[in-house]
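Welcome! Have a look at the sequence and the model below, and then let us walk through a few of its parts together.

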Amino acid sequence: MHAPRISSKKRFLAALACLLPTLGVAGTASATGMQGHIYMAQCAAEQVTEPRLRALFDAHLNDLSNGAFFPDSGYTAEDHDQGEIPHWEQYVQGYVELIRSRYGDKPLENPDAATHVAFLMGLAAHGITDSTFDSLLYERADQVDPGDMDTFDMAMDIFLVHDHPRYYLPEIAVDTETQSEIFEQKIAHPVTPDAIKKAMSTARSGIFLVAEYLYIGADEYGAKFPWARQSLRDPRTPGGYPFGARVTMGYYREILRRLDGNSSADGVVIGAYPDEAYPLATLDNTRPDGRIVLFFGEGMDRATIDDAVVTVRDDAGTVVPTKASVYRGDKWANVLLVTAQEPWKAATKYTATLHKSIKTLAGVSPTEDIVFPFTTCTPDSPGGDCAAQAGPPPASPCPKLDEAYSMRPEDVPPEEEEPPPPTNVNPVAEQESGCTAAPARRETNAGSLLALAGACVALVARRRGRPS
Ligand SMILES: [Zn+2]
């Protein structure tokens with residue numbers, strides 16, 4: 001019964017597709033979409049049990065969600081670094097310091113700090129989930145999916161909105177003066193409050209455009225990225241959204257520690273691949289998901305990272321030759337890649353040991369070496385590789401979030417004037433009123449096309465660089 005509407009949407013989509021190249025901003029995408037970042041930040045928040053964080057996320061979901069798309073908003077500005085810088089630890093650390101200097105040594109006890117702490121958690125979630133996603137899922141999709149990766153990140157949001165279905169439209173809430181202060185005082189890279197405000201508005205329009213219009217292109221993008229579409233939300237996929245949310249939970253914990261003024265590095269590794277929940281996907285040491293990846297909840301001193309910082313041994317105690325490298329980052333590293341120089345042996349128990357010589361940006365080392373055991377798969381036939389995932393995916397780790405929008409608001413019967421509230425309403429869902437308060441469907445005329453041109457910038461300009 002929606003055929004006429006879909007038809008007009010498709011014409012609109014075609015018009016947008018024509019418009020994109022004229023904007024001159026097509027480039028190499030290397031990140032997941034903003035809707036996906038909001039999803040992962042919220043999915044991690046749902047799983048948090050620490051009481052102060054629980055209270056924070058229950059009360060400030062919109063602030064968390066604004067933080068979760070803030071880094072990519074900066075890519076819509078002329079200054080590319082307005083987007084790049086907030087993705088990384090120097091900005092996170094600058095924000096931690098600003099909050100502590102403004103709100104005291106225990107900022108979580110000061111209600112005035114809560115908005116900022118939630119926003120900080122959101123932007124940190126964004127940065128780390130770009131790294132979980134890019135280092136594992138994106139790079140694997142680049143090998144196995146036929147599509148041009150330039151449109152990959154937008155495709156991920158389209159899949160999330162269309163297939164799940166899932167979308168969330170935050171109401172813009174950003175303290176532009178404070179963010180400008182961090183850029184200027186902590187990074188020495190001035191960005192004006194106006195530039196931040198404009199970028200957030202453009203980015204929010206981009207999220208809206210996908211949620212309201214572009215999602216109908218899911219099958220076209222699905223032909224380009226069939227593996228990624230199938231794997232994106234599967235809790236078994238290294239680098240997928242549940243994986244990203246799991247690592248983000250550790251980041252929330254470590255940022256809370258930093259806000260509390262505790263410099264311990266004993267919990268600084270917030271995620272490791274492979275681990276018990278995510279066995280090594282392949283015996284091929286050259287595949288992206290054939291590497292060991294460690295994620296850190298604080299910037300690490302690059303001078304303390306070399307090939308010897310991680311030692312890998314097999315079950316006979318023989319050292320596996322490996323190379324260590326930092327995955328992007330800024331002045332500080334927060335992702336470490338360990339690449340074996342030979343194929344993994346089947347059905348073998350390995351241990352990777354991170355040496356306590358590594359130091360955080362605060363100059364602190366873990367008190368003990370940190371050991372990560374993992375066992376490789378047993379292929380079906382000798383000389384083969386690990387079997388691909390089979391069967392339906394296990395349950396989502398964030399069921400409340402997933403249940404909140406099992407139906408798109410416009411899919412409700414037309415006789416109903418307003419979409420009914422989500423069933424099983426809970427504190428998380430109640431905070432999601434931004435979604436149902438989305439602008440009404442617009443006429444697909446030339447005026448709206450122009451109005452949304454800026455949103456296209458938001459969609460195609462999102463990309464992280466690869467700093468040397
Ligand atoms: Zn990003």
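## A short tour

Helix α4 is mostly covered, with 13 of its 13 residues buried. Please keep in mind that this is a predicted model. The helix covers residues 61–73, and at 1.5 Å a residue its 13 residues should span 18 Å.

Next comes a sheet. Four strands form an open sheet in the order β4-β3-β7-β8, and their pairing is antiparallel. At the edges sit β4 and β8, each of which pairs on one side only. Six bridges join β7 and β8 in the antiparallel sense.

| Strand | Residues |
|---|---|
| β4 | residues 319–320 |
| β7 | residues 349–354 |
| β8 | residues 370–375 |

Now for a loop residue. Where does Val191 lie? Val191 is found in the loop between α9 (176–186) and α10 (193–212). Is Val191 buried or exposed? Val191 counts as buried, because 23 C-beta neighbours lie inside 10 Å, and the cut-off for a buried residue is 20 or more.

Which residues does Val191 touch, leaving aside those up to four places away in sequence? They are Asp79, Gln82, Ser180, Phe183 and Ile196. Glu181 is ten residues from Val191 in sequence, and their C-alpha atoms are 8.4 Å apart in space.

Methods
Residues are numbered from 1 along each chain as its sequence is written. This is a predicted model: local features need pLDDT of at least 70, side-chain atom pairs count only at pLDDT 80 or more; totals for chains, interfaces and linings use all residues. Helices (H or I, at least four residues) and strands (E, at least two) are DSSP runs, numbered from the N terminus. The expected span of a helix is 1.5 Å times one less than its number of residues. A residue is buried if 20 or more other C-beta atoms lie within 10 Å of its own, exposed if 12 or fewer, and partly exposed in between; C-beta atoms are placed from the backbone. Two strands pair if DSSP finds at least two bridges between them. Two residues are in contact if their C-beta atoms, placed from the backbone, lie within 7 Å.
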